[in-house]
Amino acid sequence: MRGATVRFRLAGNDRIGVVIEVRPDLVHVAYGTSEPHDDWPQVVVRPETRQGRALVLREVTYFSGANTSWESPKDMQFGKIPCTKELLYARVELVVNHHAQTGDESSASDEPAG
Amino acid sequence: MVVATDEERQVLHLIEFAASGFGDPLLHATSVDDFDDRLDALTDSPEALHCTELLAPHMPLVQASLPMSAPLLAAAAGHSLEEAQGQVSKDPQRILEAWLDAQRQAAQLMWSTGATPVSEAPFAGTDLPIEIEKLIFHGLRANFCGLAIEQVFSAGRVIPAWLAGALADRLVVSARQHLRLLASLPGVSVDEAIVPDTERLDFAAIEARHQRAKAASQRSYERARARLGP
């Protein structure tokens, strides 16, 4: 399941993400946003690229290390094609570096979705 | 005339099987994206990984039987390597030779009599830091490209120029990345002109960062469980 592409609702928004870690009850998802965060390290994925097609993107999407969320697999829609390996590793590296630097105290979606 | 031992003959059969089973499907790719998807899938295939593990201790024989030369491949497709792989590297043949040599050294260290058991080697477990996992992926990808190249030559296949270019490009790019890992292993010697010190891995720092990230991930998981409930 690691590397699966997923769609889910988070704080009232539809999100597109990649499963980066799997636990028995929850999965850790790195999700993208339509807004860039130029002051954070990020990966930019365009819809017309191989990575963009795997995620079925409709617009340029920005992935940063802070945008992750633990979700229940039953609340997610899984895509047919897995994330490309290069994008998966790039995403996990951003999250690992973010976690290692901040101790996860500033994860964007760790608070209740509201 | 060189007479192969029974063991060598078995290894050669295994190489033939791997080239046909895992290299050949790469040659049926219909586009560069399809080729990359096939390569990604192979690096997840348990059969392909087991086969790679079986071949790893026999690296000198494997290398002797694989025409792992990107310029040769590009020439076979009728164009130069520079055209085939764009601006990826200025000296692909040197990189490939250093990569093959480093693999031989690593295999000798890991499988020679009296060597540290593989299970005790650095990062031998499944809990790999992402930097290491990524470079191992590149090693697998380069070796699968090698098997496809073997299939091109052994079966006398003619492949389109775009496919030869993609094969040569992935082979050199991934060999270069994997070489960073090999050059960082104690006991493996790689020319600093090919992998400078600044590109080698600091395993202690990587492990420390990995453990910090794991602890942070565990804390965020526990908070999420508390938030989401049973």
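Reply: The term pLDDT denotes the predictor's confidence in each residue, from 0 to 100. It is required here since the model is predicted.

Me: What is the mean pLDDT of chain A?

Reply: In chain A, 90% of the residues reach a pLDDT of 70 or more. Over residues 110–114 of chain A, however, the pLDDT is below 50. Where pLDDT is low, the predicted coordinates should not be read in detail. Taken over chain A, the mean pLDDT is 88.

Me: In what pattern do the helices and strands of chain A follow one another?

Reply: Chain A contains 2 helices and 6 strands. Read along the sequence, their pattern is β-β-β-β-α-β-β-α.

Me: What is the radius of gyration of chain A, and why is the chain described as being as compact as a globular protein of its length?

Reply: For 114 residues the globule rule gives 13 Å. The value for chain A is close to this, so the chain is as compact as a globular protein of that length. The radius of gyration of chain A is 13 Å.

Me: How many residues of α2(A) are buried?

Reply: A residue counts as buried if 20 or more other C-beta atoms lie within 10 Å of its own. Helix α2(A) has 18 residues and is mostly covered. The number of buried residues in α2(A) is 13.

Me: How far does α2(A) reach from its first C-alpha to its last, and which residue follows the helix?

Reply: With its 18 residues, α2(A) reaches 26 Å, close to the 26 Å expected at 1.5 Å a residue. The residue that follows α2(A) has a positive phi, near 70 degrees. That residue is A:G103.

Me: Which helix of chain A gives the most to the side that touches chain B?

Reply: Contact between the chains involves 20 residues of chain A and 20 residues of chain B. On the side of chain A there are 7 nonpolar, 6 polar and 7 charged residues. The helix that gives the most, with 7 residues, spans residues 85–102 of chain A and is α2.

Key
Residues numbered from 1 in each chain as written. Chains lettered and ligands numbered in written order. Predicted model: local features only at pLDDT ≥ 70, side-chain atom pairs only at ≥ 80, totals over all residues. Contact = placed C-beta atoms within 7 Å. Helix = DSSP H or I, 4+ residues; strand = E, 2+ residues; numbered from the N terminus. Nonpolar A, V, L, I, M, F, W, Y, C, P; charged D, E, K, R; others polar. Expected span 1.5 Å × (residues − 1). Buried ≥ 20, exposed ≤ 12 C-beta atoms within 10 Å, placed from the backbone. Rg over C-alpha atoms; globule rule 2.2 N^0.38 Å.
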